[in-house]
Amino acid sequence: MYLLGFESSCDETAASVLEVTDGRFVIRSNIVASQIEIHRRFGGVVPEIAGRAHIEAISRITEEALSTAGVSLSDIGCIAVTSHPGLIGALLVAVNFAKALAVSNEIPLVEVDHMKGHISAAYLTETPPAPPFIAMAVSGGHTSIYEVKDYTDYTLIGSTRDDAIGEAFDKIGRLIGIPYPAGAGFDALAREGFQKATGRETDFWDAYRASPAYRSPAYHLPSPAVMGDNLDFSFSGLKTAAINLLHRFEQTGEAFDRAAFAAAYTYEAVEAVAKKLDIALSRHPGYPLVVSGGVAANSHLRARLKTLADKHGTTLCLPPVSLCGDNGAMIAAAGYYEYLAGARADAHLGARASDE
Ligand code: KG4
Ligand code: ZN
């Protein structure tokens, strides 16, 4: 069967045709219209502008997804759309578009939780994991750990108590001159910092971690892992400490090493994720680990997670970078399992900003 997946929860308008044969997925098209250029000059996503841009893009994106896949609407067996969480004015665009298509063409419609969508990107890889497993979604708006008991049964077992990891990279990145979204630029700058500190071109993480001498006290930052036997994070403390550190350098006029700072900041963010996932995997021996979402593109996080999975003797599934950011294929994959479970949405489907 073919599914048509829609996504418009933030600043990407996306549509994808996903083919499913005997439970195996083939991405026939995955079209993403990014609004990054539009929002860049504001330093972040402007919700009102995002909604308008989705409206302008969605018809074109849908036609492109269908034509690239070589199918027409009459071939589509199910339409899947992100209904929550996200920016309400943004979500409503794909929800209403999907409803109109589904109702007028009598195609079954399912709603998808954006976070389940991110994690379902794992099912689009060559060796898809099978539940149960531990999954983490790291994105601009979320830092959440789940016990995935079944394809549609997720239990939230840890999350951020305030800001998300991606937002923490974007906000502080902006302050050190990296354009929005700062994730990829931060990643590259931190690499320079790790290389300079350790004198190693590659495989610097373990050395940096093992030797406090590589970590200059001038760039010391607090861990965003909440103390104790929980799986929670607090990125606002890390952000505030980073802002204070930047002010101190500004006030004293001391030479500021952007790369050393980016490395120290990345180190704390990545180690906090590794620390909490270490606890989660210890509580669920043998469970595979899935990490997805925009921040799962971070090269340092990817390398650190490999070491963590090896320590636990388990498999790690990191979707390719192209599927880590917002896209329609991941929504179609999550939607397929909702469809199999019998979930159906109708013309009354609405959008919700919150996780529930
Ligand atoms: O999942 P996503 O595309 O959208 C949301 O649902 O939020 O995630 C976007 C986030 C942004 O904060 C962006 O800076 C971050 O993912 N990001 C990265 C990297 N690439 C993108 N963060 C760290 N390192 C990266 N290489
Ligand atoms: Zn997302």
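1. Phe-256 is partly exposed, since its relative accessibility is 30% (buried means under 20% relative accessible area, exposed over 50%, partly exposed in between, with a 1.4 Å probe and protein chains only). Phe-249 comes out at 6%, so this one counts as buried.

2. A quick word on what you're looking at: this is a predicted model, where local features need pLDDT of at least 70 and side-chain atom pairs count only at pLDDT 80 or more, while totals for chains, interfaces and linings use all residues. Residues are numbered from 1 along each chain as its sequence is written, and side-chain values use heavy atoms, with hydrogens and water left out.

3. Now the rings. Rings of Phe, Tyr and Trp (its six-membered ring) pair if their centres lie within 6.5 Å; planes under 30 degrees apart are stacked, over 60 edge-to-face, and the rest tilted. That rule gives 23 aromatic pairs.

4. One of them is Tyr-123 with Tyr-337, edge-to-face at 5.1 Å centre to centre and 65° between the planes. The two sit 214 residues apart and link distant parts of the chain: Tyr-123 is in the loop between helix 4 (114-120) and strand 6 (133-138), Tyr-337 in helix 12 (residues 328-340). Helices (H or I, at least four residues) and strands (E, at least two) are DSSP runs, numbered from the N terminus. Tyr-123 is buried because its relative accessibility is 3%, and Tyr-337 is buried at 11%.

5. Back to Phe-249 and Phe-256: they make an edge-to-face pair, with 5.1 Å between centres and 65° between planes. Both belong to one aromatic cluster along with Phe-169, Phe-186, Tyr-219, Phe-261 and Tyr-265.

Methods:
Chains lettered and ligands numbered in written order.
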